[in-house]
Amino acid sequence: MGDDVNDSPPPDVTQMLIEWNDSGNAPARLMPLVYDELRRLARSYLRRERPDHTLQPTALVHEAYLRLVDQSRIKWQNRAHFFGIAAQMMRRILIDHARAHASEKRGGARQRLSLDEAAFLPEERAADLIALDDALKQLALTDKRKSQVVELRFFGGLSVNETAEVLGVHPATVDRDWIVAKAWLYRELGKGEAD
Amino acid sequence: MSNGKSSNVKPDNEKWNKIEEVFILTLEREPETRDGFLDLQCGDDESLRFEVQSLLEAHSHANSFIEVPAVAFASELFLNELNNQPAGEATGTDAPSIINQRIGNYQVERELGHGGMGVVYLARRADEQYENSVAIKVVRRGMDTDDIVRRFRNERQILAGLNHPNIARLYDGGATADGLPYIVMEYVEGTPVTDYCDRHRLTTTERLQLFRTIISAVGHAHQHSIVHRDLKPSNILITSDGTPKLLDFGIAKVLSTDAADDATIEHTRTEFRALTPDYASPEQVRGESLTTTSDIYSLGVVLYELLSGHRPYRATSHAPHELARVICEHEPVKPSTAVNHTEVLTRGETKSPTTITPEIVSHARDTQPDKLRRNLSGDLDNIVLVCLRKESARRYPSVEAFGEDIRLHLAELPIVARKDAPVYRTGKFIKRHRAAIAASVIVIAALCSGIIATNLYFNFNRNAASSTAATATPSGNVRTIAVLPLKSLSDAPLDQELRVGMTDSIVTKLSAVKQIAVRPTSSTVRYLDQNYDALAVGRLLQVDSVLEGSVQREANRLKINLQMVNIADGKLIWAESFTGDLSNVLRGQESVASRVAQMLAVNLDTMNNTTQSSPNLRAQEAFLKGNFALTASARNIADIFAARDFFERAIRFDPDFAQAYANLALTYTLAGSLNYLSPIESYPKAEKYARRALELDPDSALAHTALAEIESDYNWNWGASDASYRRALELAPNSAVAHHSYSEFLARMGRFDESAYHSDLAHQLDPTRINYEAVRALHYMYEHRFDDTIRQSTMVAEKDPNAYLAYLYLSVAHAIKGNYKEGLKAGEQAAAITGGASPDLFVRGCNYALANDTANTDAVIAKLQSMSRQQYVDPFLLVVIYTYRGDKDRAFQLMEKSYAEKSYWMSSIKVHPVVDSLRSDARFTAMLQKMNLHN
């Protein structure tokens, strides 16, 4: 089952965020920390280790933030940086898992399950996610900010306002980017021709 | 999956920008004008046109695509990974090994079936030969055993209370030796209701009769507060003797995340993946919390299928987001129309595709296509579509009401369900095309905005009301109300649509009040412009009381009279009239609907508590007036004092009126925080009244809120304040006042994220309070987000030009940013509202001081000083102005004075940007320490 909940105090993510602000570069140690924390949180929620929680599907990133960062020490700009990193890490985690899942499926020829929800089999989701990730990389080549908007909102679960905060743009810009990116991605994924 | 790229050539930046621009511009046009517009924009640039057109095409289909965040979408992937087992065995419960094994006291015989949650086995009690067979559901790996078992124990008592001949019993539950949770249920041998009806060629009438039995079983569970959450034909079995049996009641909840019914990752995952999506309600698809009306929705889908042979939705693909989109956005076609369709469906136990034609469907109903169509159109279409409404509040309020309509239809009596009134469609239209606001909507807004209650009549007959409550509401304290469509009294009559819209907004507002069950507009809209006897209608609709009224239009004034009648004795319970100015059409947030809801909530609250020593009539009246004044108070100082006077009068009439004490306490804290009174005058009084309220009612959330405010604003006892807020929110988790006040406290403590959370909640709970939105701007300022402060307060000021606080925040934020001209303008706008008060003088002082306009700064200082001889002026205002003027010593002197006088501002110095330039000074650090605000 691998890594379990680690109770040692988290390294000082707050300090890293503050330094980042000063230096302009993301500290190298920050990403793995955020990655691990998000992964750990997701697992713990999925295992329902905390029956009292009130986590929304979109709240992982926020929860990680509250756990890792001392709010009293940082400015909102630091938080924007954190959200940016966290969304990126969420994307990485999900895509890693999707890829692992997809390759596993190819390896073992298993019998198809006749479940009610056959249409919701994980492999379809995995494939969808990987395709989306690829398309998003394409989009980034043409229009970096639009790909970031999708990363922050879809993978990071951030609201329009938070996304605007991270990117330093007006919320209306995020709305517009989102509409364009969504249409573009939908077209690229060939969904437009489905059925 | 291939990417199916439609364009391999990546457009260069310039071209891409052009594509985007034309795409957005085209989207903003009405669909029918788009082609022409594109011709104009693209000229003969074929590739531009192709790009834009393919994006438009994609846009028109993309609706919910990627709108569900990836975490919810893909949590399955996590789950498999975390079990560290091959994905294909996700359902694996070591199936072969469990046969012939014992689970608890039961011997497993064979597998009955399996699905997303796990495997169901047939078993027999191992120690008693004559015991009936049972079904044991063994939950698959990956679900947390302890949690499910714990939840099962919590639910067990409730589920065991479900003793109904049409509901399969739940016997036991626990964990297997392997640690897998299991649930033991009554074993039912039967056929899914859809298959059963088709197989026996039941007619529409027979189907409806059978369905009524199903409905009453669901009603039984709902009375025990149990929501099924997963109603579908395979959970509604018909035994060989024709008895319906509902399976798995409450199981979805046990297997879901938590008893609190919150939408969580796991919750969403469970619902979304394991529950059959075809029968899931929009709120279920979205992972929101579920109520009895979600079951009504699912029942509606089942009935749709029973009647028409089709399902209401056809997703074009099986991707989850596609399904979510269809369920959340598509309007289903009428069942009577659906019977005409020919389609291929996979359904039933076999899952094999079957072709459904009008002939097959009508044959299974022992009739012909034409007859079936006629049979379904009208009443039955309406009944089903009311269940399938996207907004749960607009479905039948209860399964009883649903069943009653079917009964009325079978008895050939008029039913309650009606087609959506045109105004609903108008509502959707606005959502989709925000830019285009129809003229009629503006008039609706007129009715709902800028309306001021003028005269209040209140004839509260306690005895009558309580006896009614005893007879008419057997299920507890919920009062049922029907709101009848407003009549038109003027010479220039108002459109029916507008009046229905008005009525509907009152219904919607009332639905949010806990102790009121309000009949949906659909049940009363047929009385529009009919001559009716309110009492007869009330009895027909089986409500405790009826709210009826009229709208009168004189020139550009509207007058709305409302009265509520008690059905049992025909007495008038409550009456009030509101007038509003049509010229204020699009301004203001306070709608008459929320006023009415608020007034009634207070009223009914009291009605339901009549067993306790209840305040007398005059106390009630004074209290209501006070409440009204308090709501309006942020605009006008006179209103605060009016509120105070009313509450004090209420207390004179009834010295044990806990709510009046609590509200009086809140009136004093408000007066103190807004500088209407000095803190030393206001807070000790507030404390006295809050404590008295708590003596009378220790569970008064408002009194705890008031106490929390006193602890933070005046006693500077942060821990005690936090604790009181938590207590208040525990007692009243949906109190907008408490959430708002707590968010303010959290912001001053620098806990911005929590603050934003509570502030959002307060706004959601009571969107009519413009001040909640205004204070959000202050929070942004505390957080040093000045652009956001400006954006937010500008937005508030646009919504309500009288929002005084918004101008103050706007002015200070502009001053800090160096936009003195705008800052002064905002200050003048604030002054125009109050006629010149210390805060608006102060904000202009900030602008002058930062602009180095010494003459004007000094004039403001002098004016504030002279003002302070007649009324309370917070010394902290001068702290700020001297700080900005560069006179730190004077600033610190005055800060000591502010400290001594308990200035409200002192509680915000940890975060407030106006004292930023003092922070590096040792005297400031000392002050923070003195106030326990240092880290």
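A: Helix H38(B) is followed by B:Asn852, whose phi is positive, near 60°. The model is a predicted one, in which local features need pLDDT of at least 70 and side-chain atom pairs count only at pLDDT 80 or more, while totals for chains, interfaces and linings use all residues. Residues are numbered from 1 along each chain as its sequence is written, and chains are lettered from A and ligands numbered from 1 in the order in which they are written.

Helices (H or I, at least four residues) and strands (E, at least two) are DSSP runs, numbered from the N terminus. The expected span is 1.5 Å times one less than the number of residues.

Of the 13 residues in H38(B), 12 are buried, and the helix is mostly covered. A residue is buried if 20 or more other C-beta atoms lie within 10 Å of its own, exposed if 12 or fewer, and partly exposed in between, with C-beta atoms placed from the backbone. The buried residues include B:Pro839, B:Leu841, B:Phe842, B:Arg844, B:Asn847 and B:Tyr848. Among the elements that cover them are helix H36 (804-817), helix H37 (820-834), helix H39 (854-867) and helix H40 (875-885) of chain B. For chain B as a whole, 50% of the 935 residues count as buried.

Helix H2(B), residues 31-42, can be checked in the same way. Its 12 residues should span 16 Å at 1.5 Å a residue, and its end C-alpha atoms are 17 Å apart, which agrees. H2(B) is followed by B:Gly43, whose phi is positive, near 60°.

Next comes a pair of helices. Helix H31 (718-731) and helix H32 (736-748) of chain B pack at an angle of about 155°, with their axes 10 Å apart. Axes are lines fitted to C-alpha atoms, for helices over the stretch in contact, and angles run from 0 to 180 degrees between N-to-C directions. The angle makes H31(B) roughly antiparallel to H32(B). Angles under 35 degrees count as roughly parallel, over 145 as roughly antiparallel, 65 to 115 as roughly perpendicular and the rest as oblique. Where they meet, H31(B) supplies B:Ser721, B:Tyr725, B:Ala728 and B:Leu729, and H32(B) supplies B:Ala738, B:Tyr742 and B:Phe745. Residues are in contact if their C-beta atoms, placed from the backbone, lie within 7 Å.

Strand S6(B), residues 181-186, is mostly covered, with five of its six residues buried. S6(B) pairs with strand S4 (133-139) of chain B in the antiparallel sense over five bridges, and B:Val134 stands opposite B:Glu186 in S6(B). Five bridges also join S6(B) to strand S5 (170-175) of chain B, again antiparallel; here B:Gly174 has B:Tyr182 of S6(B) as its bridge partner. Two strands pair if DSSP finds at least two bridges between them.

An open sheet of three strands in chain B has the order S7-S8-S9, with antiparallel pairing. Its edge strands, S7 (191-192) and S9 (244-246), each pair on one side only. Helix H8(B), residues 204-223, packs on this sheet and touches S8 and S9 of chain B; its direction makes about 30° with that of S9(B).

How values were computed
Two residues are in contact if their C-beta atoms, placed from the backbone, lie within 7 Å.
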